[in-house]
Amino acid sequence: MRFNPVLRDIASYEAGKPIELVVREYGIKREDIIKLASNENPYGTSPKVLQSIRPEDMSLYPDDSYYELKDGLAAHYGVEAQNIIIGSGSDQIIEFCIHTLHKEGLKILHAGVTFAMYGIYAKLYGAQVLKTPDNTHNLAQFLESYQTHKPDIIFLCVPNNPLGECLESNQIEDFLTHIDSDTLVVIDGAYQEYAAYKDSAKCISPARFIAKYPNVLYLGTFSKAYGLGGMRVGYGIAQKDIITALHKVRAPFNITTLSLQAAISALKDQEFIHACIQKNFEQMTRYEEFATANGIEFIPSYTNFITYHGTRIQSSKLCQWLLERGVIVRDLASYSLNAFRITIGTKEQNDRIFALLQEYLGQ
Ligand SMILES: *Cc1c(COP(=O)(O)O)cnc(C)c1O
């Protein structure tokens with residue numbers, strides 16, 4: 001078979017290891033496994049959402065206009081429904097935007113270490129992927145690279161996965177004034193709910209950005225704070241002409257009937273989200289204290305995960321050791337980093353993580 005030659009250059013996305021795999025490979029009981037590898041909400045899905053979904057509707061296609069969900073998002077963000085596109089996860093909208101701008105010689109620019117899907121989709125379309133020298137977001141470097149290479153799309157991950165740092169809204173605004181309107185700037189806000197809670201200077205208002213900049217596309221998702229990772233719902237917010245173009249590459253019914261029901265009710269239960277985020281940062285403090293007490297380095301995080309690094313750990317060895325004990329975290333060796341990312345779990349989950357890490361460091 002002669003496959004598309006661009007595939008040679010692409011490593012498949014390394015998803016967090018599923019619980020089922022650990023059950024099979026290590027014979028650990030399902031209920032003893034802790035998965036803190038994919039930044040899912042450890043408190044699960046809001047009970048109100050669980051009550052709102054109607055499995056008996058499964059035989060029906062969803063309302064493909066996604067009217068009610070767009071209406072809810074429009075009210076939540078202070079934009080119009082025509083400024084919104086719904087994706088099967090915001091992942092799918094990343095693909096849509098590369099597809100939409102696709103041309104010979106397409107170039108994208110992103111931070112040295114960031115969400116892998118920007119590069120994977122770009123390469124699929126034969127695009128050239130440029131990275132800034134720093135791992136974390138450095139806007140001076142973004143600007144320099146922009147001026148030299150004139151990329152077609154710039155991805156800003158705010159806050160950044162997998163490192164956790166976060167640009168400020170004002171810095172991004174200043175950056176945008178230097179960018180021509182024919183370069184698309186994607187602001188990926190997958191963890192914005194967390195960042196906005198921790199520091200209001202990091203809070204991005206999509207309404208404000210799209211009103212001022214015709215080249216900004218904001219991405220949000222129901223997979224993280226909203227506790228719907230398994231339902232696959234994300235959204236993009238931009239001026240109408242970008243949304244119209246993105247809709248042309250979207251297949252009908254790209255989210256499911258039950259996903260749509262769940263997202264509509266999840267958006268209404270802000271109380272649940274707020275409580276989860278509050279607990280997240282209470283537990284985050286424990287991770288910071290543990291690291292400091294044990295000589296582990298970390299990057300202050302504006303998300304629901306923390307990245308540990310430094311000479312006290314050898315990330316691949318440590319992640320394997322944890323896996324054999326039923327704990328799944330995310331090794332960042334695939335980014336050529338001696339670091340690993342842990343999703344902040346519930347108090348009980350974190351107690352077990354600290355006990356295991358203590359044991360590992362002590363041996
Ligand atoms: C999780 C994540 C997404 C999207 O996830 P979906 O489940 O596809 O909505 C997008 N960007 C970043 C940085 C993420 O961490």
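Trainee: How many Å is an oxygen atom of the ligand from a polar backbone atom of Ser 90?

Mentor: Please note that this is a predicted model. In it, 2.7 Å separates an oxygen atom of the ligand from a polar backbone atom of Ser 90. For Asp 91, a polar backbone atom is 3.2 Å from a ligand oxygen atom. Thr 221 takes part through its side chain, where an N or O atom is 2.6 Å from an oxygen atom of the ligand. On its own the ligand has 390 Å² of accessible area, and the protein covers 94% of that area.

Trainee: Which residues around the ligand come nearest?

Mentor: There are 13 residues around the ligand, and Asp 188, Thr 221, Ser 223, Lys 224 and Arg 232 come nearest. Sorted by class, this shell has 4 nonpolar, 5 polar and 4 charged residues. The space that the ligand takes is the largest pocket.

Trainee: Which residues line the largest cavity?

Mentor: The lining consists of Tyr 13, Phe 115, Asn 161, Pro 162, Arg 330, Tyr 335 and Arg 341. By class, the lining of the largest cavity has 4 nonpolar, 1 polar and 2 charged residues. Domain 1 (5–45 + 271–361) and domain 2 (47–268) each supply at least three residues of this lining.

Note on methods:
Residues are numbered from 1 along each chain as its sequence is written. This is a predicted model: local features need pLDDT of at least 70, side-chain atom pairs count only at pLDDT 80 or more; totals for chains, interfaces and linings use all residues. Side-chain values use heavy atoms; hydrogens and water are left out. A residue is near a molecule or strand if one of its heavy atoms lies within 4 Å of it. A polar contact is a pair of N or O atoms within 3.5 Å; within protein, one must be able to donate a hydrogen and the other to accept it, and residues adjacent in sequence count only if both atoms are side-chain atoms. Accessible areas come from the Shrake-Rupley method with a 1.4 Å probe; for residues, only the protein chains shown count as cover. On a 1 Å grid over the protein atoms alone, a cavity is a set of points where a 1.4 Å probe fits but cannot get out, and a pocket is an open set with protein on both sides within 12 Å along at least five of seven lines; lining residues have an atom within 4 Å of a point. A molecule sits in a cavity or pocket if more than half of its atoms lie within 2 Å of its grid points. Ala, Val, Leu, Ile, Met, Phe, Trp, Tyr, Cys and Pro count as nonpolar, Asp, Glu, Lys and Arg as charged, and the others, Gly among them, as polar. Domain bounds come from an automatic or database domain assignment.
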